[in-house]
Amino acid sequence: MPLGLIMAKIFVDNIEYEVPDGKNLLEVCLSLGFNLTYFCWHPAMHSVGACRQCGVINFKDENDKRGRLVMSCMQAATNGTRISIEDPRARAFRAGNIEALMLNHPHDCPVCDEGGECHLQDMTVMSGHNYRRNTFKKRTHYNQYLGPFINHEMNRCIQCYRCVRFYNDYAGGKDLAVFAAHDDVYFGRQEEGVLENEFSGNLVEVCPTGVFTDKVLRKHYTRKWDLTSAPSVCHQCSLGCNILTSERYGGIRRILTRYNGDVNGYFICDRGRFGYEYTNSDQRIKQPSKNTDNSSQPLSTEDALHDVKDSIFSKKNIIGIGSPRASLESNFMLKELVGENNFYGGIPKRESDLVHRVISILHQGKVKTPSLKEVESYDAILILGEDVTNTAPMLALAVRQAAKNQPREKAYALRIPQWDDAAVRESVQGQTGPVYLLTTHHTKLDEIATKAEYAAPDDIAITGFEIVQQITRLSQSANGDESSQSFTASVARDLLKAKKPLIISGTSLYNTAIIQAAANIAYSLKDNGKDAGLVYAVPEVNSMGMSMLEQKNLDDAIGRAKEGGVDAVIIAENDLYFRVDRDIANDFLKNCHHVLVLENLQNETTTKADYILPAGTFAESTGTVVNNEGRAQRFYQVYKPSNEMRSSWDWLNEIRNSISGVHAENFDAVVDEMIKKYPELAKVKSVAPDANFRKGTQKIPRETARYSGRTAMLANINVSEPKPPVDKDSPLSFTMEGYQGVPPSPDVPFFWSPGWNSVQSINRYQTEVGGALHGGNPGVRLLEPSNENKSGYFNQSTEKFSRREGEWLVIPFYHIYGSDELSVKGPALAERIPPVYIAMNGKDLEKGNLKDGDHIEITFNQNKLSISVKSENTLPEGIAGLPKGFKETTGIEFPFWGRIRKV
Amino acid sequence: MESLTNRSKPVDRRPMNLWEKIYLPAVIKGLGITLKHLFKKKATYNFPEQTRPFSPVFRGLHILNRDEEGRERCTACGLCAVACPAEAITMEAAERKPGEEHLYREEKYAARYEINMLRCIFCGFCEETCPKDAIYLTETFAPANYQRKGFIYGKEDLLIPFPEKENQPVTEKP
Ligand code: SF4
Ligand code: SF4
Ligand code: SF4
Ligand code: SF4
Ligand code: FES
């Protein structure tokens, strides 16, 4: 890649600047802080030169007074380049271009959801065009129904092509295209219907106009300037993408991408973007309560603390159950409250062992786990047993980018600059580099795979171990078996050929051997001098963090309760019925006698609780979570709820105060306590600034400077305006007063810059366009590989899978919409959950005289489930796949052997 | 000290002469002024029998307007609220459902629209900024009320009635 630290001198309006070589003029001008208009260029998708909005005058040398008009996004910023942005001809061209784009653009801003954060508005103002001269009729289009997430208003299109470039070229979508020609181009689906791609929500941010807007936001629409926002971390999978969560009138209104150059970059997946609606659900627990079998009595906070002290903490054996969806601090406080020996992680042993295994590999192993963004830089990939599109969606998007690396080298060899997207794509011709998949069944990434093989979980591990042998064989004999076309041979060959091979695996199949096989492959590549990487997807947002604090797991707690060793249990943000079989959960809660639950939504566990305390979701809490990479990241409370909801750690802190008088003053005090006890977590302290951090003397406002209606918003409740709430836990304030510049990178509550109201203002928060945020990207890695461990290979101990007569091994199938516990409780996401099914190989179906859609009954342990079958011919015979986390399958512990009977 | 203007009159501090000391001439002069005013135009109005004529740019109580077909014009764009220097306007937008086209002119409308009249300074910025000609300041005062909360005007107070119910007064607090 013609990138590097070489600098070039360029002249902009006769002033000299030093810029990195190998970029285009538009990006360097934006990095230098110029207000230059553009539409089609996107920092992640680069230039195509489609919109003609970035015109500048380019001069040959200092004597050239005339110059010529060029599109700055299509021109390299080489040494000695002279341009003028302010030249009257350039200005007139840009204003004229906007006027042309506006010919057919509706006079729609007041109605348009983009208004107030519209790149077209910004660019129009910036270009200086302000009055429409055209009086003729405008072209109009039909709008399409695009599903529950995206609203379509085609009349607002300015034909920049960003949508199709993102959707098709970047995200691998198939169902959005451009139709017709001339002044009548149409961006949409071939026919109305749901946009299928998992990343469709990014169209909202990618489209510079109001063509694609957030349909979920529209249900409770609020302008950007009226939102109270906080930096947050997506809680819907283990990758920890950075998000901005926004509130008005006590409800979460929308989620946007929070740029993090190390994690998610400019994008997030649809589960993260639209999966927040559960925070506004009417199932929310808002008030502490005392419950008996048939009555529930609301309590005030004081009464609740008092009652809890009297009736729970008077008991002798009190245990605590943590949760992988609660923050580090909440798990820690629970552990403090019940004591080291009485704290149990909230996941069954099987899952706990896997996460512990992953942690030890990342920590003691010798291969580095790259950040999500770094994944895009690898040039050969092997995925073992993980359906990443559904278990860690953004990882799949990163893999799609990485797959383009090898073919792109050819383009770079032709001296095509990497930002010249159209030319690069033309030379790549849709080819992909080596991507090998070894999964249980067909997954969406198959379409970019060099080769995809399907096998039973144990066989995946065995093949993994074989790949290690192949690698050793190939590297030892100079002329190893070059000809073999077997899967393992080609994988080994391509991984060894690559500069940076990457192994991806995860916990989703509950198979330790797969995780070990993946580590072995990465180790052997490293031993062969490769800059190898190893990525594991884990189950939940804070699986890693909780497991760092957990020595015992849910099964241990269940065992202890069965033996009568438990008098009371405190459960923090965990629905046990989602984790284990219903009978086991029932027995456990009965054996615990007294149950205190801190929870955000009503669920089966809360129906069994004696006391319920309302815990905040990610929107009402502050905390730290650790993602699959071992990166600790801070998320902040967005607003102060008018009810009793608060962070779990805060509740537990209050309880501790009421029983022992020990009280942590605020969030920072909890973190301090935690790192004192667990020095290995010391870096958590540096994840974000302290609560007493000030910019000058000022806090960082969560509200925009344009926030409206402050004297009227609450007037219908009380005419006297209340004192604004104080945030003692963070450097952010709940109001609009405070520092107006660029805050420290972990504490950016929204992106805005004078003249830049849209998300494109991210440019102004980066050291250079597309690079790191000012002050470094947020998040601190807690796990780094150790170089001491020289061997550390795992032994292969797996048996080959052999099918049983009359029984099926049922493995989990994951769905981006459906397999996550909380996001499915929002109506928009719920619309996308497929009907429940059981997948089996067609041959198995034939044998059992079944066909697609037939109803079967599956028996396992003591349970029965009646369900319709679906044929999935890539699934090995003897194995069945059942969606995980669906209403009908919640609490089922995978994998299991089940008997299947036709009904 | 130097005077700021040249219009200041020095106070006459000479002792009074006899003519001034008898006071009567001054009293009669004063009575004369009073008498003269009896025949001048009155400065006050006998409100409420008589009303004061408004200046053509008078800015009083707000109304939310409808279009010719009686549909609400406001699309809840939020511009009035953001323009309001007193931050006295707040609204919640809602989406027009199919079949509601006769009620709302645009595809979004204000489900809740409130002005805090205690805070409003009647500057008229809201009217000036409205792109949909939806909000106007009328020539009415905000009437007195017994309670502070009576000054929070909601949509039912602001919205002009449907055209067919012509006889209804334009704004009236229940
Ligand atoms: S796309 Fe932008 S410019 Fe066009 S109507 Fe919407 S807000 Fe206005
Ligand atoms: S729909 Fe939006 S992104 Fe697509 S071409 Fe039109 S303006 Fe550009
Ligand atoms: S008149 Fe002025 S102060 Fe009153 S609501 Fe309108 S903008 Fe606000
Ligand atoms: S009254 Fe006018 S400015 Fe205010 S929200 Fe309605 S349409 Fe917008
Ligand atoms: S941004 Fe340069 S042509 Fe579109």
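The talk below goes through labels and the values behind them.

Mentor: This is a predicted model, in which local features need pLDDT of at least 70 and side-chain atom pairs count only at pLDDT 80 or more, while totals for chains, interfaces and linings use all residues. Residues are numbered from 1 along each chain as its sequence is written, and chains are lettered from A and ligands numbered from 1 in the order in which they are written.

Trainee: Which residues is A:Met7 in contact with, leaving aside its neighbours within four places in sequence?
Mentor: They are A:Glu18, A:Val19, A:Pro20 and A:Asp21. Contact requires that the C-beta atoms of two residues, placed from the backbone, lie within 7 Å.

Trainee: What makes strand 15 of chain A and strand 22 of chain A a pair?
Mentor: Two strands pair if DSSP finds at least two bridges between them. Strand 15 and strand 22 (residues 568–572) of chain A have 4 bridges, in the parallel sense, and A:Gly320 stands opposite A:Ile570 there. Strand 15 of chain A also runs parallel to strand 16 (residues 343–344) of chain A, with 2 bridges. In that pairing, A:Ile321 faces A:Tyr344.

Trainee: What is the hand of the crossover from strand 15 of chain A to strand 16 of chain A?
Mentor: The chain passes through helix 9 (residues 328–338) of chain A on the way, and this β-α-β crossover is right-handed. That word applies if, with the strands pointing away from the viewer, the path from the first strand over the helix to the second runs clockwise.

Trainee: Which way do the residues of strand 15 of chain A point?
Mentor: A:Ile318 and A:Gly320 point one way and A:Ile319 and A:Ile321 the other, and all are buried.

Trainee: How many residues of chain B are in contact with chain A?
Mentor: 28 residues of chain B touch 20 residues of chain A. Strand 2 of chain B gives the largest share of the chain B side, 5 residues. That side divides into 13 nonpolar, 4 polar and 11 charged residues.

Trainee: What makes a residue count as nonpolar, polar or charged?
Mentor: Ala, Val, Leu, Ile, Met, Phe, Trp, Tyr, Cys and Pro count as nonpolar, Asp, Glu, Lys and Arg as charged, and the others, Gly among them, as polar. The shell around ligand 2 has 9 nonpolar, 2 polar and 1 charged. Among the residues around ligand 2 are A:Cys157, A:Cys160, A:Cys163 and A:Cys207, where being near means a C-beta atom, placed from the backbone, within 6 Å.

Note on methods:
Buried ≥ 20, exposed ≤ 12 C-beta atoms within 10 Å, placed from the backbone.
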